[in-house]
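Hi,

Here is the structure you were waiting for. My notes follow below it.

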Amino acid sequence: MTAAAQVHQQGGTAIDLTLGKTGIGVMGGAGYMKNFSDNAYLQLRGVGEFGRMYNFRYSHFGLDAMAFYNPFYLSDFFQFNAGAGLTIGYEKISGITKEKSNGIGFMAGLKAGANIEAFLSDQMSFYIYGNQAYLVKKSLGTTYYEVGLGIRIFLNNYY
């Protein structure tokens, strides 16, 4: 008697929620995932980042579009996914000085990352992730990292 592994299925979809830490503050997100094969998927994720550094407040709202691929077999219940994609966003800085206006603006760039996903059932998984962004324009530098946790609920992953 054998049992099927709890992994991504071709054509499957999922929603996910994430909570992470960045170099400035905390980042939360909600996303949608679409499997193209058993080991490749596309993820669209809306994010919000909030933090305080020195005497100013920072906020960022954005959208990530990333493609992930599982390059090798890890186990029946754990999956390693590596990915890359685009990130865009709108950021606002306030409280720098009273004489200067608040910094606001759009940012865009590339994002690469990886996650290790643990399948709790064929309908739900839990994952830890790490991403690094390389940006064309950002008020606080051209790179930032994020690490965090996520939970994924599969909408049509039936066996």
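A30 is found in strand 2, residues 25-37 (strands are DSSP E runs of at least two residues, and helices are H or I runs of at least four, both numbered from the N terminus). A30 counts as partly exposed, because its relative accessibility is 42% (buried is under 20% relative accessible area, exposed over 50%, partly exposed in between, with a 1.4 Å probe and protein chains only). Leaving out residues up to four places away in sequence, A30 touches D16, L17, L44, R45 and G46 (contact means heavy atoms within 4.5 Å). R45 is 15 residues from A30 in sequence, yet their C-alpha atoms are 5.5 Å apart.

Before you read on: this is a predicted model, where local features need pLDDT of at least 70, side-chain atom pairs count only at pLDDT 80 or more, and totals for chains, interfaces and linings use all residues. Residues are numbered from 1 along each chain as its sequence is written, and side-chain values use heavy atoms, with hydrogens and water left out.

The protein chain has eight strands and zero helices. Of its 159 residues, 42% count as buried.

Best wishes
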